[in-house]
Amino acid sequence: MTSTPKISIPPSAEAVAPGETGEAPQARSAADSRILIESSDVSLFYGPSQALKRISIDIRERLVTAFIGPSGCGKSTFLRCFNRMNDLIDHVRVQGRIQIGGHDIYSGDVDVIELRKRVGMVFQKSNPFPKSIFENIAYGLRLHGMRNGPELQGVVEQSLRGAALWDEVKDRLHSSALGLSGGQQQRLCIARAIAIRPQILLMDEPASALDPIATAKIEELILELKKEFTIVIVTHNMQQAARISDLTAFFYLGELIEYDVTTKIFTNPGKKQTEDYVTGRFG
Amino acid sequence: MTSGTTHPLENADPWAGIRRGQQRRPVEWLVERAIHAISLSAIVGVFLIFIFVAREALPIVLGRATSASATQVIPLEGLDTRSPAEIQKYLGLTPEQFAALDRDAKVDLMNLKLETAKGASKDRDAAVNTLEWRYLLLPYQWSGYDKPEMIWQPVSSIHKYNIIPLLIGTLKATIVALLFAVPLSLAAAIYVSQLSSPRLKEWLKPGIELLAGIPSVVLGFFGLLIMASFLQEVFGYESRLNAFVAGIALGFAIIPVTFSIAEDALTSVPGSYVHGALALGSTRWQAAWRIVLPAAIPGVFAAVVLGFGRAVGETMVVLMASGNASIVSASLFDSTRTITATIAAELAETVFGEHHYRMLFLLGALLFGVTFLSNLVAESFIHRLKKQLEGKA
Amino acid sequence: MAGAGITLAATLLILLILAIILGNVLWHGLPSLSFRFVFSGADRDMFDVNKAGILPMLVGTASRVILMSFFVIPVGVITAIYLNEYAKPTSATTRVIRSAVNNLAGVPSIVFGLFGMGFFIHFAGGSMDRLFHPGSAEPVWNKPGILWASLTLAVMTMPLVIVATEESLKAIAPGLREASLALGATKLETVRKIVLPQALPGILTGGILAVSRAGGEVAPILFTGAAYYMAHYPQALTDQFMDLGYHVFVLSTQSPNVDQTRPILFATVLTLLLLTFTLNVVAIIIRARIRRGMRAAH
Ligand SMILES: Nc1ncnc2c1ncn2[C@@H]1O[C@H](COP(=O)(O)OP(=O)(O)O)[C@@H](O)[C@H]1O
Ligand SMILES: [Mg+2]
């Protein structure tokens with residue numbers, strides 16, 4: 001068994017958010033940041049077909065890591081390994097090891113429910129519950145045993161503010177969430193996810209169904225959220241990855257081809273395949 | 001962002017606690033077990049139905065029940081020709097008692113037995129166990145009849161249980177019902193699924209399915225009080241209630257079944273089939289008839305088979321509209337008696353555990369078997385349809 | 001195009017049959033349907049056109065379907081939840097349960113009557129009498145009664161509830177379950193707080209369909225509880241009851257003078273039809289709503 005070498009970031013590399021404005025919110029060194037998720041040799045099979053091939057990658061704390069690659073290459077599948085959502089699918093088999101915060105999340109004594117409370121997720125298609133805006137946020141909090149009261153209301157407000165939605169909905173907290181626009185619904189889903197204070201936020205193409213203005217709002221929000229959360233985002237939009245991420249991983253046909261500081265991936269990729277993809281030659 | 005504000009769920013070591021193990025939710029675990037157990041109730045239900053209907057009928061099936069009011073007699077010579085064990089059992093003695101008796105005493109007992117048997121019934125059929133399979137299925141020349149006949153006559157001095165008249169009655173009513181309902185509902189299914197506008201379909205489909213909402217006792221009432229006289233006037237036959245009237249009323253009961261299944265089957269044929277045909281210049285009707293119907297044919301079969309099962313098992317309609325005479329005849333215009341009507345009409349008068357009671361349960365088990373089988377067949381047809389369409393789509 | 005015309009004619013003929021039945025019952029039944037008829041008892045003479053009332057039958061039928069709902073709705077809903085939320089769709093258990101549900105739906109109603117007699121009255125009732133009333137000369141449970149009739153009907157209508165509930169479970173967008181689970185909800189919490197509230201219309205449809213179907217059924221209760229005549233209302237679970245559908249049968253076939261009792265027969269049929277039809281129409285409307293919702297969700 002030959003193990004593929006782990007792709008890690010050169011210690012000297014600086015993760016700098018691109019953008020001419022200079023008001024880039026962060027300029028932390030990628031190497032300064034602690035490793036939060038450590039995946040080694042992860043393979044995943046849907047029944048007989050292999051969707052992920054020995055993927056090793058380190059995800060760093062309080063940075064935005066983007067997964068890019070052509071459709072069907074396994075980005076979502078890999079993302080869903082971090083909160084074990086793949087467990088819900090029949091006949092899925094995972095090999096290798098994923099450690100989060102030092103704990104092997106696939107080990108027998110890990111409680112998936114507790115894991116998911118710490119690793120939040122935002123889906124491609126916004127999926128607010130058919131309840132009121134307030135109840136959408138309160139849902140996760142109640143799961144944590146929080147009762148009705150000022151504390152609950154405080155956290156709901158705090159979360160909605162955190163998702164830059166408060167001003168738009170504060171007057172109709174008790175009307176149905178389904179009455180919101182697509183972009184608002186997605187921000188509501190983000191608010192719902194951060195309400196229970198996860199450590200990691202997984203986002204699977206959160207803006208792919210939105211118009212440019214709503215997309216811009218989400219991107220802005222992500223840059224804000226990374227101050228408090230470690231964010232892993234799947235996107236098929238390379239400009240988006242370039243705008244918001246510190247690190248970028250390029251996947252192709254179930255393999256991790258290249259993983260590096262975002263600026264490097266987009267300006268000076270190390271692999272031919274990566275270059276072809278980011279320059280739009282395929283995908 | 002409200003960073004700085006403390007959050008009530010904030011934790012010093014956020015990852016502490018994820019390794020608490022999986023099995024720590026006993027309530028959840030228990031409830032899930034309970035859900036699983038309860039969900040098996042459907043299986044248990046079917047199983048129990050089969051067991052408890054078959055159980056009551058079992059003695060007849062195994063030949064352990066007897067309806068003979070007089071036992072078989074052994075003539076006096078039997079004392080020498082039969083084995084001692086047989087004679088002992090016939091006289092109802094224990095081996096010790098039998099050994100203690102001398103020959104004269106045995107002859108006396110044999111004679112006594114003969115006398116009582118004669119007294120019990122003058123009818124030579126009194127000794128016949130009418131529950132044996134040959135009496136249930138084959139013609140027999142009963143005393144007083146001039147030729148072998150198949151007779152269902154459970155309440156008489158000789159209990160005659162030939163089920164052939166009931167089978168014929170059931171078949172007659174069922175065939176009329178199918179001949180009436182299948183073409184009608186199939187044609188309607190073609191119209192609703194292929195030819196009508198989607199808007200019209202939204203009304204037609206529930207409209208026709210409303211027929212299923214009419215209780216069968218109301219259809220029976222309608223057949224008995226309104227249709228019977230009307231049809232008699234039109235066709236001019238003799239007995240007002242007969243297989244024909246019952247069959248038509250039964251048809252009303254199965255139209256919604258055959259319609260629904262056939263409509264579903266026709267609708268499940270992919271639109272691409274139709275578009276292809278239309279592109280080649282055929283009319284909607286030609287596409288429906290030549291392309292869609294053949295593609296959906298297993299579903300149509302399923303509809304017919306399920307309609308058959310429903311017709312065979314329907315009770316109140318036939319109980320009220322068929323006339324209930326168990327006559328063996330080929331005419332659809334004779335009064336007729338079906339299996340279901342027989343059970344419904346006679347069970348209340350039977351005594352628990354007695355042979356008439358068991359006989360009716362045997363009929364019930366037969367019904368259960370027939371409908372179970374037709375269900376399985378229909379299911380396999382539908383399965384085949386799905387596979388075919390998947391294979392081609 | 002003649003073929004197309006024939007299919008249209010067939011469709012119209014079926015609707016015409018429906019209209020004739022309903023029209024007939026309405027036409028002949030409406031004049032005799034009075035407040036007094038519906039709300040008075042049969043305590044004087046149930047065949048007397050001027051005195052007979054059907055309140056006892058209404059009460060009996062209502063009691064037996066309500067009692068039935070208590071059994072069939074929880075069991076049916078739980079089974080549907082198991083099939084749709086817990087079981088693996090391809091597993092052998094799932095397939096056997098589905099097949100059993102299908103078959104249960106096809107078992108003739110008279111066979112349910114036999115089953116009710118063999119299993120509930122003689123087996124369950126007999127055992128209960130031996131256990132709880134060993135000295136009693138009169139059977140207590142080992143005889144037809146409203147509990148046994150209701151249980152028999154519950155077994156009979158279970159497929160309706162299961163199928164309707166499952167349909168509404170399938171109509172729920174899968175994203176909602178994922179969203180809940182991703183927030184750290186357990187499966188049970190997800191089912192209880194997200195899935196079940198969403199499935200409520202479907203459960204309601206199933207319940208209504210079951211009630212409407214069972215309300216008009218006569219064959220299963222012929223020997224399990226329906227009474228030809230009773231001077232009082234059922235007081236206990238072991239009591240028999242008078243029944244609307246059974247009363248239609250009695251008036252149609254055992255009336256001393258059919259022509260004379262015709263008006264009350266038609267009025268009884270009309271009452272029965274009004275009840276079952278109203279329920280059916282309500283169920284159809286809710287179901288159409290769910291189906292429209294399902295198309296929107298997927
Ligand atoms: N539930 C599933 N069952 C079987 N195969 C799946 C399933 N989900 C995804 N796949 C397969 O796994 C591969 C990766 O899919 P996915 O992770 O969704 O890709 P991406 O998100 O990069 O577009 C694809 O080939 C897809 O067909
Ligand atoms: Mg994806």
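Visitor: What should helix H14 of chain B span, and how far apart are its end C-alpha atoms?

Guide: Helices here are DSSP runs of H or I with at least four residues, numbered from the N terminus. The expected span is 1.5 Å times one less than the number of residues. H14(B), residues 297-313, has 17 residues and should therefore span 24 Å; its end C-alpha atoms are 24 Å apart, which agrees. Do keep in mind that this is a predicted model, where local features need pLDDT of at least 70, side-chain atom pairs count only at pLDDT 80 or more, and totals for chains, interfaces and linings use all residues. Residues are numbered from 1 along each chain as its sequence is written, and side-chain values use heavy atoms, leaving out hydrogens and water.

Visitor: How many residues of H14(B) are buried?

Guide: Buried means under 20% relative accessible area (1.4 Å probe, protein chains only). In H14(B), 12 of the 17 residues are buried, including Pro298(B), Val305(B) and Leu306(B).

Visitor: What is the area buried between chain C and chain A?

Guide: Interface size is often given as the accessible area lost when the parts come together. Here that loss (1.4 Å probe, summed over both parts) is about 1700 Å², with carbon and sulfur atoms giving 64%. Glu178(C), Ala182(C) and Leu183(C) supply 35% of the area that chain C buries against chain A, more than any other three residues.

Visitor: Which residue forms a salt bridge with Arg80(A)?

Guide: A salt bridge puts a side-chain nitrogen of Lys or Arg within 4 Å of a carboxyl oxygen of Asp or Glu. The partner of Arg80(A) is Glu178(C), with the closest N and O atoms 3.0 Å apart. The rule finds one salt bridge across this interface of chain C and chain A.

Notes: Chains are lettered from A and ligands numbered from 1 in the order in which they are written. Helices (H or I, at least four residues) and strands (E, at least two) are DSSP runs, numbered from the N terminus. Buried means under 20% relative accessible area, exposed over 50%, partly exposed in between (1.4 Å probe, protein chains only). Buried area is the accessible area (1.4 Å probe) that two parts lose on being put together, summed over both.
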